[in-house]
Amino acid sequence: MPSPEIASRDRLIVALDLPSVAAAEAMVARLDHSVTFYKIGYQLAFAGGLPLVAKLADNGKKVFIDLKLHDIGNTVARGVESIAKLGATFLTVHAYPQTMKAALEGRAGSNLKILAVTVLTSYDDDDLRAAGYHLGVSELVETRARQAQEIGVDGLVCSPEEAASLSNIVGDRLRLITPGIRPAGASTGDQKRIMTPSRAITAGADYLVVGRPILEAADPKAAAEAIVTEIAQVSVR
Ligand code: C5P
């Protein structure tokens, strides 16, 4: 089961996958008090979106910077040191031991939490083989989850399908964050392994990342509220 101390509304993270800061700010204004947590990824970050982190934080929102860092240890540590000053709550790195250790070094003394991405959900066993790995997806996810736990990162990004088995491995020491969420009846887009909000929470997800089902809804605020209501129905709180 998910951690009891997180309020239902704070479990919803809206992915601001939008082409400009103006579009992102308009969406944040529309969502208003319905959403407390936002994710900024490649698209918005590289369209000038990083200053939005401080602005959102000043307005009481939490921010997840999804840049999935991976480089030599020193570069990751110094990069994370700079990112920690932006005021975000979550940052993603790839779950390589050296990278995870460097990220923890870089965030020392800040409130930034480090999330590790085990294996990208677009990868299957053939993709891993082509990239030179001898492990399949499920074995590599498990290996990296154990390493992430030993090294002491704060959470894992995983598909909703992996949430149940990963929560058995890492218990409630690590937060589980799952994208690939689709309310019943919503279009799936390019997501292949999807779950409804309530099933993902029941499977052990602590936070749900939702983009298009909210961004492309005729009424984004109503779509967000419906997801929060669904989360509340199955959350321990
Ligand atoms: O629009 P949708 O709800 O599919 O958005 C999901 C968000 O989660 C996107 O920002 C996407 O980059 C991100 N994500 C994902 N799968 C992962 C990791 C992140 O869909 N494995």
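Biologist: Over the ring of which residue does the charged end of R144 sit?

Modeller: A charge counts as sitting over a ring if NZ of Lys or CZ of Arg is within 6 Å of the ring centre and within 35 degrees of the ring normal. Here the ring belongs to Y96, and the charged end of R144 is 4.5 Å from its centre. K39 lies over the face of F64, at 5.9 Å from the ring centre.
This is a predicted model, in which local features need pLDDT of at least 70 and side-chain atom pairs count only at pLDDT 80 or more, while totals for chains, interfaces and linings use all residues. Residues are numbered from 1 along each chain as its sequence is written, and side-chain values use heavy atoms, with hydrogens and water left out.

Biologist: How many aromatic pairs does the structure hold?

Modeller: A pair of aromatic rings is described by the distance of the centres and the angle of the planes. Rings of Phe, Tyr and Trp (its six-membered ring) pair if their centres lie within 6.5 Å; planes under 30 degrees apart are stacked, over 60 edge-to-face, and the rest tilted. The structure holds five such pairs. One of them, Y42 with F46, is tilted, at 5.9 Å centre to centre and 50 degrees between the planes.

Biologist: Why are Y42 and F46 separated by about one helical turn?

Modeller: Helices (H or I, at least four residues) and strands (E, at least two) are DSSP runs, numbered from the N terminus. Y42 and F46 are separated by about one turn because they are four residues apart in helix α2 (residues 42-49).

Biologist: Which kind of pair do F90 and Y207 form?

Modeller: F90 and Y207 form an edge-to-face pair, 5.3 Å centre to centre with 90 degrees between the planes. The pair links distant parts of the chain, with F90 in strand β4 (residues 90-94) and Y207 in strand β8 (residues 207-210), 117 residues apart. F37, F64, F90 and Y207 form one aromatic cluster.

Biologist: Is F90 buried or exposed?

Modeller: Buried means under 20% relative accessible area, exposed over 50%, and partly exposed in between (1.4 Å probe, protein chains only). F90 is buried, at 3% relative accessibility, and Y207 is buried at 7%. Y42 is partly exposed at 49%, whereas F46 is exposed at 66%.

Biologist: Which residues of α5 and α7 make the contact?

Modeller: Contact means heavy atoms within 4.5 Å. P97, M100, K101 and L104 of α5 meet Q147, A148 and I151 of α7.
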